[in-house]
Amino acid sequence: MSDYSIETKCVQGAYRPKNGEPRVMPIYQSTTYKYDTGEAMAKLFDLEPGYMYTRLANPTNDLVAQKITMLEGGFAGVLTSSGQSANFFALINILGAGDHFISSATIYGGTFNLFNVTMRKLGIDVTFVDPNADEDTINAAFKPNTKAVFGETIANPSLDVLDIEKFAKIAHSHGVPLIIDNTFPTPINCRPFEFGADIVTHSTTKYMEGHATIIGGAVIDSGNFDWEQNGKFPGLTTPDESYHGAVYTRDFGKAGYITKIVAQLLRDYGSTPSPQNSFYLNLGLETLALRVERHCQNAQKIAEYLEANDKIAWVNYPGLPSNKYYGLAQKYMPNGTCGVISFGVKGGREAAEKFMNGLRLAAIVTHVADARTCVLHPASTTHRQLGDKELIECGVSADLIRLSVGIENVNDIIADIEQALSSI
Ligand SMILES: *Cc1c(COP(=O)(O)O)cnc(C)c1O
């Protein structure tokens, strides 16, 4: 498949049926796997290839992970039951109590809480940095126990575009990997490994599945990071006593990082997707390239419409030449960014609420990045737990409306916005 272009990989990647096999990827709805001898099964517990129990691995889940790995141009990947568990696993796989990592401050609210509250309780320290800070400022945030750097390609919901090459260079100069949450652009618009990222994560709940039917996540490894260079990652480079002394980097090479997630984290935390959900995810992936293209075309037109409308206070969309991230977006995502726009209605919070209540086609939901156009007011919903100062650090103002542009006819979406604005 590797010679084919990304649209073709979306449709036909990973599952390639042999003569007489089902044309569509089957759902292996089985928790367990049958072996002829006890000896054959025992080998699995030494981490030889094969399936023993679906909490660790399942053929349907593996095929879909392989497809996403292919789309990202990675070496190995694994699915998780949510985007939250994907980001948690990507970090906890290489960090433990007493360790520290650096994160861009403008990230998804759920991820911010995971890092700022729950992981701190586990003894893992984080420093949030302004993603636009210069290299010296970011370098100054490193400590001897810093083990990773994290950011989002396009932040949800602030839509800040990360300078991936800058962050990769800084992370590598300190001997640690750069982990990028690539949920919003998807590999159709940006492949962070091409710019030096080492690990990519996804909330597959968003564009990848694309229809708002299932929660899911993925962790993909480029295979490029050298975990043995500096002794900072003993979990990968020293024996795992819970697997008879397996050493992940020695025994699994470039697959070591993902094998450790499967063997330890899925085993112990159990954040495994259902094979049925992976089947839905795969259906979504088949049309990902088409849908992302339409989402971006529609969003571009709507962002331009909003920018020209005098009832709108401000518009934030990285595809607009007036946007402060336009240059970075052109560099990292020349074919389009994402379908999410944020903007403020003149008249602040009150006008925003009136506008949202007036919409007929666009629905108020806690979701983004599915086929249907929807809106959300983060300050009163997804980011409700955050104080004013944290909100600003996350790039969310109190009047911010997040519009997730769907794949309906763009004229219908604009007409809906127009009639809702007329009520203000
Ligand atoms: C939604 C989202 C998450 C969390 O994913 P879930 O699938 O909801 O657990 C993480 N990162 C980003 C950028 C998101 O948009």
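Because the model is predicted, local features are reported only at pLDDT of at least 70 and side-chain atom pairs only at pLDDT 80 or more, whereas totals for chains, interfaces and linings use all residues. Residues are numbered from 1 along each chain as its sequence is written, and side-chain values rest on heavy atoms, with hydrogens and water left out.

The chain contains 17 helices and twelve strands, where helices (H or I, at least four residues) and strands (E, at least two) are DSSP runs numbered from the N terminus. For 424 residues, a compact globule would have a radius of gyration near 22 Å, and the 22 Å of the chain agrees with this; the radius is taken over C-alpha atoms, and the globule rule is 2.2 Å times the number of residues to the power 0.38. The C-alpha trace spans about 75 × 55 × 35 Å along its principal axes.

Seven strands make up an open sheet with mixed pairing, in the order 1-7-6-5-4-2-3, two strands being counted as paired if DSSP finds at least two bridges between them. At the edges of this sheet stand strand 1 and strand 3 (125–129), each with a single partner strand, so that one side of each is left without a neighbour in the sheet. Neighbouring strands here are turned by 20° against each other on average, direction ignored; for such angles, axes are lines fitted to C-alpha atoms, for helices over the stretch in contact, and the angles run from 0 to 180 degrees between N-to-C directions. Strands of a sheet pair through backbone hydrogen bonds, either parallel or antiparallel. The parallel sense is found between strand 2 (residues 100–104) and strand 4 (residues 146–152), which pair over four bridges, with Thr146 in strand 4 as the bridge partner of His100.

Helix 3 lies across strand 1, strand 6 (199–203) and strand 7 (217–221), and runs at about 125° to strand 1, while helix 5 (residues 109–121) lies across strand 2, strand 3 and strand 4 at about 150° to strand 3.

Another open sheet, also of mixed pairing, is formed by five strands in the order 8-9-12-11-10. Strand 8 (312–316) and strand 10 (363–364) each have a single partner strand and stand at the edges, so one side of each is left without a neighbour in the sheet. Strand 8 runs antiparallel to strand 9 (residues 340–345), to which four bridges join it, and Val315 stands opposite Phe343 in strand 9. Helix 15 (residues 348–358) lies across strand 9, strand 10, strand 11 (374–376) and strand 12 (400–404), running at about 125° to strand 9.

Grid points are joined across faces, edges and corners, and a volume is the space filled by probe spheres set on the points. The largest pocket has a volume of about 660 Å³; among its 25 lining residues, Ala57, Asp62, Ile258, Thr259 and Val262 are the closest to its centre. Two or more lining residues come from each of helix 3 (59–72), strand 1 (76–80) and helix 11 (256–269). The lining divides into 17 nonpolar, six polar and two charged residues, with Ala, Val, Leu, Ile, Met, Phe, Trp, Tyr, Cys and Pro counted as nonpolar, Asp, Glu, Lys and Arg as charged, and the others, Gly among them, as polar.

Two cavities of 30 Å³ or more are found in the whole structure. The largest cavity, of about 60 Å³, has a lining to which helix 3 gives the most, with three residues; its lining residues include Ala57, Asp62 and Leu79. The second largest cavity has a volume of about 40 Å³, and its lining, which includes Leu79 and Pro273, divides into five nonpolar, six polar and no charged residues.

Most residues other than glycine have a negative phi, and most peptide bonds are trans. The bond from Asn156 to Pro157 is cis, with omega near 5°, and Pro157 is found in the loop between strand 4 and helix 7 (164–173). Leu159, in the loop between strand 4 and helix 7, has a positive phi near 65°.

How values were computed: On a 1 Å grid over the protein atoms alone, a cavity is a set of points where a 1.4 Å probe fits but cannot get out, and a pocket is an open set with protein on both sides within 12 Å along at least five of seven lines; lining residues have an atom within 4 Å of a point. Contact means heavy atoms within 4.5 Å.
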